[in-house]
Amino acid sequence: AAMPPTSSSLWPGCLMFPMVLREARMKIMCQVYRPENLQFPHVRMQSTIALFLLFALRVGTASSAIQSPAEYFSTWGLSPAYVQEQTAAIAGRDEFSLSSAEFQLMVRMLDRFQVAPNQWRQGWANSSVEFASGQAKKCQEQCRSVRIRGKITKVVRLTAPDDVVMITNSKDIFAVQLQLNNKEKAWLVVPDLPVGLPVDNNLNEICGASAILLHVPDHVPNTQNKEQVLAIAPRLKWWPQTPFGRLGMDYGLFNSVDDGMPLQASEAEAFYASLSASKSQKDIPDAPLLDDTSLVSLLDPASDWLRLHRGDQIVLNGTARRITKVLVEAGQDQDILGSDHYWEIFVFVATPLLQIGEGFQDTYPLVFCCTELPQGLSISEQVNEPIQIAGFIFKRYRYVTQRLIRQRNGVGAGRPQESPLLIGKTPFRLPARQPLQFPGGMTWLPVLTALALVGWIVKGFCQSRRRSRLTDTLPDQIQLS
């Protein structure tokens, strides 16, 4: 009889099946991880990395390099040759007008101009050349920025056609006719006019722009060419015949000013240009102080008086309560200002008795920014210096005071404050008020004077309830620490 199998005789068979499984598994793994099977994923990963690096390099190069206007506008299908051809009919018309297609072309050019990177537009302006008839054709062909300056002879409002309004958000644009210094005329298309510049004829106002020439007529000797130069610009510069305008202040920059807000980056050029222009300001003008009616309108946030008088020069007496040196970082702002600092002065001015909320006050703060200080004027967080200022109205400036607003949870927050911000060259010190000196034996006179003053205050308080209140409550008086 055959012997039954022992455990030793079963051992090789028991190991055979697991070994076969392991070998099969290893074959499969070797097939999967062979180099030829890994090649495509590896190449795809390399391609992805290469594309990412190329994109990053191109973005970095684009952000640092300034593209020329010709390259930039041609990218959007607005090459100089195309624009010259499309605008030829505009320049030859007796009266400036645009068809629907021409209006869309102007809007496209303005839109591309305005959304170009600030670094590029600044570079174009820095490399711009003065307009010259002999070089105008070349500048147009190269799409080179030119500086145009002249007197306004006509301003035309161009209303968006109905079919354009239906498909776009286009608004009215403006065409300004300039009489250039060389007796040549040019039409300049801009998206907006400076605040205060009317739509009229024969304004005799000095304006200019850093512009791109769209159409330059061919010059034919011994003939009278009716065609005019056509150009566009992102904004119009304006130097009105006002004290500030004669100092070189461009009122076109005021379009960026936003009242009721802190100083913003979009207002930086207007702010520092105002400070720079004020450096040429002369002594305090021989003019009366701002009257009480205008002063209250200046302080009232609900009034349009400040907006309508932006850039005007006013003279005020007040008391400086805080004088601070403000540093300006190196860069464009410092280049415009021509200095690394300016001075900020909080001035309290005397006002008629005003009802502010439920209280009454007869002083109100304003902010005066200047480039110089008179000798001997204290510089501190707490001063008490009587001064006179001749300031140009810039904006209604919003900031947070140290007076706290009590919250329900007991936590206090700074109370917002709005005050007029004026800009000038320097304040002028006024003599400090001297106490009255009484002759001997008249010690009773101050007592009578004090009693009379108290009676006058009480009478004024009672009468003030019958006075008309401001249309909107003014901010509370700030408390300087």
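## Close-up views

View 1. Trp 124 is buried, with a relative accessible area of 5% (buried means under 20% relative accessible area, exposed over 50%, and partly exposed in between, using a 1.4 Å probe and protein chains only). What you're looking at is a predicted model, where local features need pLDDT of at least 70 and side-chain atom pairs count only at pLDDT 80 or more, while totals for chains, interfaces and linings use all residues. Residues are numbered from 1 along each chain as its sequence is written, and side-chain values use heavy atoms, with hydrogens and water left out. The structure holds 17 aromatic pairs (rings of Phe, Tyr and Trp, the last by its six-membered ring, pair if their centres lie within 6.5 Å; planes under 30 degrees apart are stacked, over 60 edge-to-face, and the rest tilted). In one of them, the ring centres of Phe 113 and Trp 124 sit 6.0 Å apart with planes at 65 degrees, so this pair is edge-to-face. Phe 113 belongs to helix H6 and Trp 124 to helix H7, 11 residues apart, and the pair links distant parts of the chain (helices are DSSP runs of H or I with at least four residues, strands are runs of E with at least two, and both are numbered from the N terminus). Phe 113 is buried too, again with a relative accessible area of 5%.

**View 2. The largest pocket.** Here's an open space of about 1,300 Å³. On a 1 Å grid over the protein atoms alone, a pocket is an open set of points with protein on both sides within 12 Å along at least five of seven lines, whereas a cavity is a set where a 1.4 Å probe fits but cannot get out; lining residues have an atom within 4 Å of a point. Points are joined across faces, edges and corners, and the volume is the space filled by probe spheres set on them. The lining of the largest pocket runs to 38 residues, with Gln 122, Arg 235, Leu 253, Glu 269 and Gln 332 nearest the centre. Other elements supplying at least two each include helix H6 (100–115), strand S2 (145–158), helix H11 (268–278) and helix H14 (332–337). By class, the lining splits into 16 nonpolar, 14 polar and 8 charged residues (Ala, Val, Leu, Ile, Met, Phe, Trp, Tyr, Cys and Pro count as nonpolar, Asp, Glu, Lys and Arg as charged, and the others, Gly among them, as polar).

**View 3. The largest nonpolar core and H11.** Of the 52 residues in this core, Ile 148, Leu 188, Leu 213 and Phe 271 touch the most other members. H11 gives the most to this core, with 7 residues. A core is a set of buried Ala, Val, Leu, Ile, Met, Phe, Trp, Tyr and Cys residues joined through side-chain atoms within 4.5 Å. A second, separate core of 29 residues includes Leu 98, Leu 110, Leu 158 and Ile 212. H11 itself is mostly covered, with 9 of its 11 residues buried, among them Phe 271, Tyr 272 and Leu 275. Phe 271 and Tyr 272 also join a ring cluster with Trp 238, Tyr 251, Phe 254, Tyr 342 and Phe 394.

**View 4. Around Leu 213.** Skipping neighbours within four places in sequence, the contacts of Leu 213 include Phe 131, Val 146, Ile 148 and Val 229 (contact means heavy atoms within 4.5 Å).

View 5. Asn 204 has a positive phi of about 60 degrees although it is not a glycine. Asn 201 counts as partly exposed at 42% relative accessibility. The C-alpha atoms of Asn 201 and Val 155 are separated by 6.3 Å, though the two are 46 residues apart along the chain. Leaving out residues up to four places away in sequence, Asn 201 touches Thr 153, Lys 154 and Val 155.

**View 6. Cys 143 in the loop between H8 and S2.** Phi of Cys 143 is near 55 degrees, a positive value in a residue other than glycine. Cys 143 counts as buried, at 5% relative accessibility.

**View 7. Ile 379 in the loop between S10 and S11.** At 49% relative accessibility, Ile 379 counts as partly exposed. Ile 379 and Thr 324 are 55 residues apart in sequence, yet 6.7 Å apart in space, C-alpha to C-alpha. Not counting residues up to four places away in sequence, Ile 379 touches Ile 323, Trp 343 and Leu 373.
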